[in-house]
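Here is a short tour of some backbone and side-chain details. Please keep the viewer open as you read along.

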Amino acid sequence: MSDSELQNLFARVDNMAVQQEVNDVLQGVDDLIAVVQNEQAAAPPTMRWKKRTSDGNLIHARPRSARNQSNQVTAGNSSGLLQQKTHPNKNAPDSNSEVVFAPDNVDGFLRDLQQSLSDATGDGVESPTPQASLSASLNWSTRKSNSSESWKAARPRLVNTALARENVGTRKCQQCWRNLAVVRCRDCLPRPLFCAECDVVMHTRHPLHNRDASTLGFFQPLSPTTTVQDMDLCQCVRYVPVEIPHQICGCPTEALRLKPRKAVAVITMNGRHELSMPELACEACKATWTAGVDGILHSDYWPATLNFATIYETDVFASFEEMKMAAPGLSCQAFLKMLDRRTARFGRTGKISADTFTKSFFEWEAVQ
């Protein structure tokens, strides 16, 4: 065997011996940790009491004189009380005492030892990565601040867009695409612009829509009975949208004519509308038809009185009921004032009677 082979053999033997020693040391450390943990779990930590002054300074114990002890005992004390005074309980806690545990910090010692072992073996413990940005985004105050900043940045664009929306300009009718638009309907999206002729055709069938005229260079709210003719505002007749029969007699339908019968106030969630109750008449046989209480109910209205000079959309009663359930303190007068303000906002006039509304609402609620 050559010298190089002998040297390699000796080196391998030395490495094996070193590895065995390291394993023995690690095993001994593990056994020591297990013994310390078992002792800590088996026996409670011992303690001793140190008295301190109110300033935190230690109070050194002094032997008591017999005279001081005798002064603490009164003539009427029993023997048990005397024994308690002369031999105080050493295990009793004191409010000014300090608890000192032994060993001082076993858990910390074990953690340091495990950290040292992990460093020696190369098994480092990875620390969790903090997610500061995620925590900040979940914070309520941060979200509120970000929202306020976003609104502040968007505010100029919102103002410019709102002003541009109120600009009348010169635009075409979005129904026929031929004539100049003179009416804007808030309820006829996505094509809200109408010329005078298309406005009459559309809103004769939908008189409860909210419209604005642009003839004066700005948008002016229109009542249902107001139309635009030759760039002027004119009055017309608009009927209450109720179900109308196709035929009322044996005569041909060409003989039927629709005419207004009486004025009726229609109350919706957009306020009060002054319309006319339709009457269907036959020019041949003179037969007539007009909506009664049954026809009003079938059209989803509720009469204020049996003569129904005023009728309510049932959605008004349902909305008032839901608002009372959500906010019991809401009064009927406050609700009706809100409807009156919406009436004025959309260019209409008239007030809503609180007495008739309350009576009709109770009757409707009883039927429900």
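Let us start with Glu279, which is buried, with a relative accessible area of 14%; here buried means under 20% relative accessible area, exposed over 50%, and partly exposed in between (1.4 Å probe, protein chains only). Glu279 forms a salt bridge with Lys259, and their closest N and O atoms are 3.7 Å apart. This pair links distant parts of the chain, with Lys259 in strand S9 (residues 256-268) and Glu279 in strand S10 (residues 271-282), 20 residues apart. Lys259 itself is partly exposed, at a relative accessible area of 40%.

A word on the model: it is predicted, so local features need pLDDT of at least 70 and side-chain atom pairs count only at pLDDT 80 or more, while totals for chains, interfaces and linings use all residues. Residues are numbered from 1 along each chain as its sequence is written, and side-chain values use heavy atoms, with hydrogens and water left out.

Helices (H or I, at least four residues) and strands (E, at least two) are DSSP runs, numbered from the N terminus. A salt bridge is a side-chain nitrogen of Lys or Arg within 4 Å of a carboxyl oxygen of Asp or Glu. The structure holds nine of them, including these:

| Pair | N to O distance |
|---|---|
| Arg165 and Glu166 | 3.1 Å |
| Asp199 and Arg211 | 2.8 Å |

Asp199 lies in helix H7 (residues 196-205) and Arg211 in strand S5 (residues 211-213), so the pair ties together parts that are twelve residues apart in sequence. Both Asp199 and Arg211 are buried. By contrast, Arg165 is partly exposed at 45% relative accessible area, and Glu166 is partly exposed at 40%. Arg184, Arg186 and Asp212 are also linked, in a network of salt bridges.

Where does helix H6 bend? The bend, of about 45°, is at Arg155, and a proline, Pro156, follows within four residues; the bend at a residue is the angle between axes fitted to the seven residues ending there and the seven starting there.

Most residues other than glycine have a negative phi, and most peptide bonds are trans. Trp177, in the loop between helix H6 (140-165) and S3, has a positive phi of about 60° although it is not a glycine. Trp177 is exposed, with a relative accessible area of 52%. Asp230, in the loop between strand S7 (226-229) and strand S8 (232-235), has a positive phi of about 55°. Finally, a cis peptide bond joins Leu189 and Pro190, with omega about 10°.
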